[in-house]
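Hi,

Here is the structure I promised to pass on.

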Amino acid sequence: MSELPATRVAIVGAGVMGAGIAQVFADAGLEVAVYDPDAAARGSAPARIATGLALLRRPAGPALSRLRVEADLAAAVEGAQLVVEAASERLDLKQRIFADLDDRTDAGVVLASNTSAFPITAIARDARRPERVIGTHFWNPPYLLPLVEVVQSAATTAATVAWTMRLLRDAGTEPVHVRTDLPGFVGNRLQHALKREAIALVAAGVCDAATVDLVTRHGFGARLGIVGPLEQSDLSGLELTLAIHEVLMPSLDRTATAHPYLVKKVHSGQTGAAVGQGFRRWAPGEADERRREVTRELVAAALRRREERSS
C-alpha cells in the first residue's frame, strides 16, 4: 500500500451505506468512485448524497465534483488506494466481490468490507492476498455517526491497520481498532446483547416494549453518549459493579439462538413499523415522523461535533 494518504477511494455499492460512505470521503476532499450494477441505485446516488450534505449545512457542489458513479467495476476501482465494499449483507456475495477485487486491483490497494456482522476472515476466504483485507464497519448513517470499527483478521497486516486508521481519522471519522475478528465486532455485540435482554423481558411479561424503550432512553441510555459503560463503572467504583453482578448475572437471559419471541413475531408477519406491528403498534405515518425526529437529533449532534472540532 502507499505510504501517502489516499487521494482516491472506490465504493462498491450505491445503497444507503455506500452513498453515505461516499459522502464522508468526498466531503473530506478525496476523489470517490461509486460502483453499483443497479441503474436506479446509481442514478439516485448523487441526489441522496446532496441531501445528506444539506442536512449538515455543507455545500453539495465541491463534494459532488469529486464523485463519479460507474456502471463498470474496473473503471470504478482504477487508481483507488482504498476500495470499500458496501454490498448487501450476504456472505456469498461479499466473498465473490472480494475475490473479484483481488484480481482487479494492485497488491498495495487496501480492500475493506463494511459488513456489520460477518468475520473478515470469512469474507476474504477466496482472496489471494488476505493480508490487505480489513473491516471498516461504518454506522448508519455514516455522515451522522462518526464511529468506524476497523476490524483486523489474523491475516491483516499491522501496516494495513495503521494506514486505514490514519485515512479514516483524516476523513473526520472516529476509527477504533478491533483486534479480534469475531462476529458483530464490538458495537453490534453490545447492541444485540441489550436487545436480547430487552426481548426476553417483554416475552416474560415483565413490561411492554414501550417501557423497555423509555427505561433505556431516559435512564442509562441518556448518559451513554457522554460516558461509556466501563468508564461509568470506574467512576462509580468497581465494587458496586461487582455487587450488582453477583445478584443480577444468574438471572439474565441466556438464549443461545434468536429468541423464540422474535422468531414468532417475524414468522407471523409482525415485522415492524412497515406493517404497523412489531414489538409495538404503529399508526399510519407515525414511523415516518419518528424517523424524522431521530434524524433531527442525530444532525444536531453531528453539527455540535463539527463546531467542537473547528473551535
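(Helices are DSSP runs of H or I with at least four residues, strands are DSSP runs of E with at least two, and both are numbered from the N terminus.) Ala256 is exposed, with a relative accessible area of 79%. For that scale, buried means under 20% relative accessible area, exposed means over 50%, and partly exposed is in between, using a 1.4 Å probe and protein chains only. Ala256 and Arg196 sit 60 residues apart in sequence, yet their C-alpha atoms are 9.9 Å apart in space.

Two housekeeping points before the rest. This is a predicted model, where local features need pLDDT of at least 70 and side-chain atom pairs count only at pLDDT 80 or more, while totals for chains, interfaces and linings use all residues. Residues are numbered from 1 along each chain as its sequence is written, and side-chain values use heavy atoms, with hydrogens and water left out.

Now the overall picture. The protein chain has 14 helices and eight strands. Its C-alpha atoms fill a box of roughly 55 × 50 × 45 Å along the principal axes. Of the contacts (heavy atoms within 4.5 Å) with a separation of 6 or more, 65% are between residues 24 or more positions apart. The protein chain exposes about 16800 Å², and carbon and sulfur atoms supply 58% of that; the areas come from the Shrake-Rupley method with a 1.4 Å probe, and for residues only the protein chains shown count as cover.

Next, the second largest pocket. Its volume is about 370 Å³. It has 15 lining residues, and Asn188, His192, Ala193, Arg196 and Thr257 lie nearest its centre. Which helix gives the most to the lining? That is helix H8 (residues 187-203), with seven residues. By type, the lining divides into six nonpolar, six polar and three charged residues.

The search uses a 1 Å grid over the protein atoms alone: a cavity is a set of points where a 1.4 Å probe fits but cannot get out, a pocket is an open set with protein on both sides within 12 Å along at least five of seven lines, and lining residues have an atom within 4 Å of a point. Grid points are joined across faces, edges and corners, and a volume is the space filled by probe spheres set on the points. Ala, Val, Leu, Ile, Met, Phe, Trp, Tyr, Cys and Pro count as nonpolar, Asp, Glu, Lys and Arg as charged, and the others, Gly among them, as polar.

Staying with helix H8, Ala203 belongs to it and is partly exposed at 35% relative accessible area. Beyond its neighbours within four places in sequence, Ala203 is in contact with His259 and Tyr261. Ala198 is also in helix H8, but is buried at 17%.

Over in strand E6 you'll find Thr136, buried at 2% relative accessibility.

Most residues other than glycine have a negative phi, and most peptide bonds are trans. Asn140 and Pro141 are joined by a cis peptide bond, with omega about -5 degrees; Pro141 lies in the loop between strand E6 (133-138) and strand E7 (147-151). Arg57 has a positive phi, near 60 degrees, in the loop between helix H2 (39-55) and helix H3 (60-65), and is exposed at 66%. Phe185 also has phi near 60 degrees, but is buried at 2%, in the loop between strand E8 (174-178) and H8.

Cheers
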